[in-house]
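Visitor: I would like to go through this model and ask what each label rests on. Please set every value against its cut-off.

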Amino acid sequence: LDCLAPPDAPALPRHPVRPAGLAALLDSLPPEQAGFLRAAGFSAAAGDPALLPGPQGLAGAVLGLGTDRSPHAFGTAAMRLPEGTAWRLAPGDYDATAAVLGFCLGAYRFTRFRPGKRAPARLAADPACQGAAEAAAIWMVRDLINLPPNLLGPAELAAAAAELAAAHGAAITDETGPELDRRWPAVAAVGRGSARAPHVVTLRWEGAADGPLIALCGKGVCFDTGGYDLKPSAGMLRMKKDMGGAAVTLGLARRIMEAKLPVRLALRLGCVENSVSGTAMRPSDVLATRAGISVEVGNTDAEGRLVLCDLLAEAAAESPALLVDCATLTGAARVALGPDLPALFCNDDAIAETILRAGAATHDPLWRMPLWDGYAAWLDSTVADVNNVSSKPLAGAVTAALFLRRFVPETVPWAHIDLYAWNDQTRPGRPEGGEAQALRALFAAIAARFAQE
């Protein structure tokens, strides 16, 4: 996090202020600064910045928060303050963790291939504080999603998981080749069309030997052409982000391990590329799965659920206290909820409520969607146990979740997150590009529900 300065570094004061506290702030400032703000019409509206003059030039700054309580209220600071300057936050009506997080989220830029237009200002803060730890995990997720697919294929995504495991003393297995074909037949079928072999990675970590088992599964489709049901060219432009679910679960695993939650963690990633070739799966193929359920391929562009079904089957076999999968699974979820609201499907009302409350509290929202049994028959197949797509062009996010549910026993608490993992345009704290949606909500929910047990 190059946007942070040591806590004791020389730094100018920055005063976050809400309209209700503006009068008190003006009274506390030197008369010339207060007069400057009044003359400039500063109203403490959300995102409203102003620099404060002093005898030596720049003496400080103010930031209007309005009524915004989210971290994003601080998201413009790093790139609007003068380059090379360092700042400390003055006391005020705000949450310190959210302030550090928002500052760092706004400072993020993807500079792998070209330098940023300018360096961010820096905030004097403890790099080990919660806000900084959250930001570092989100930066990691954003970097992974933003990498081009020629540099982040299945092997590279698996290597990123191995690097994370090594940093936290976790065990890691990376299966590919004949072993993957035998143990993960649906994952192998999706990856068969690519010259880059699929990998299934399993990371295991014990924060407490007798702690509850948290199982995470991530869709890691590093690029998705759609297969023989080929996407149009416009539909492929952002398909490097189709591994966003895997990236988010990696970030969530990082937060769980860094926080040393008293749980056991099992993370599984299906790292594949969905390509077109003579060996690629075809529409009407019938695939085997790890669970022994046969699947007719109604559409090769519905490959993410084929990757996840094998992962979910093995994860569920260990009877975890909670099973969570994250995936950029359906355009239907975006049609229903737009880009900012991941869809939550859950077979346990209490856990769903915990996740929704955590999302609201952390300003990382989700919206619950139904596992509607009335649509289950839409996945019927005449030649296999189930089709991977619905027979009707409706409720696509729901039927995708119903497909996955067939691989999770009713006794296993399960949450499925259908997310977008992308910002279409730059907003405060949310630069255009990859995004770690639902990460903070899921971490807060897991900590609240299981860290106390």
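**Labels and their cut-offs**

Visitor: Why is Asp-2 called partly exposed?

Guide: Asp-2 has a relative accessible area of 42%. Buried means under 20%, exposed over 50% and partly exposed in between, with a 1.4 Å probe and protein chains only. The 42% of Asp-2 falls in between, so the residue is partly exposed. As to the basis, this is a predicted model, where local features need pLDDT of at least 70 and side-chain atom pairs pLDDT 80 or more, while totals for chains, interfaces and linings use all residues. Numbering runs from 1 along each chain as its sequence is written, and side-chain values use heavy atoms, with hydrogens and water left out.

Visitor: What makes Asp-2 and Arg-109 a salt bridge?

Guide: Their closest N and O atoms are 2.8 Å apart. A salt bridge is a side-chain nitrogen of Lys or Arg within 4 Å of a carboxyl oxygen of Asp or Glu, so the pair qualifies. The two residues come from distant parts of the chain, 107 residues apart: Asp-2 is in the segment before strand S1 (4–5), and Arg-109 is in the loop between helix H4 (96–107) and strand S6 (122–124). Helices (H or I, at least four residues) and strands (E, at least two) are DSSP runs, numbered from the N terminus. Arg-109 is partly exposed, at 24%.

Visitor: What do Arg-427 and Asp-340 tie together?

Guide: The closest N and O atoms of this salt bridge are 2.9 Å apart. Arg-427 lies in the loop between strands S18 (422–423) and S19 (433–434), and Asp-340 in the loop between helix H12 (331–337) and strand S14 (343–346), so the pair ties together parts 87 residues apart in sequence. Arg-427, at 25% relative accessibility, is partly exposed, and Asp-340 is partly exposed at 34%.

Visitor: How do you know that Asp-373 forms a salt bridge with Arg-405?

Guide: The closest N and O atoms of the pair are 2.6 Å apart, which is within the 4 Å limit. Asp-373 lies in the loop between strands S15 (367–368) and S16 (386–387), and Arg-405 in helix H14 (residues 396–405), so parts 32 residues apart in sequence are tied together. Asp-373 is exposed at 52%, whereas Arg-405 is partly exposed at 27%.

Visitor: What puts Arg-290 over the face of Trp-184?

Guide: Arg-290 is 4.8 Å from the ring centre. The rule asks for NZ of Lys or CZ of Arg within 6 Å of the ring centre and within 35 degrees of the ring normal. Arg-255 likewise lies over the face of Phe-443, at 4.3 Å from the ring centre.

Visitor: Why is His-15 called buried?

Guide: The relative accessibility of His-15 is 16%, which is under 20%. His-15 is in strand S2 (residues 12–17), and its contacts beyond four places in sequence include Leu-25, Leu-52 and Val-62.

Visitor: What makes Phe-110 and Phe-113 an edge-to-face pair?

Guide: A search of the whole structure finds five aromatic pairs. In this one, the centres are 6.0 Å apart and the planes 65° apart. Rings of Phe, Tyr and Trp (its six-membered ring) pair if their centres lie within 6.5 Å; planes under 30 degrees apart count as stacked, over 60 as edge-to-face and the rest as tilted. The 65° is over 60, so the pair is edge-to-face. Phe-110 is partly exposed at 27%, whereas Phe-113 is exposed at 52%.

Note on methods. Contact = heavy atoms within 4.5 Å.
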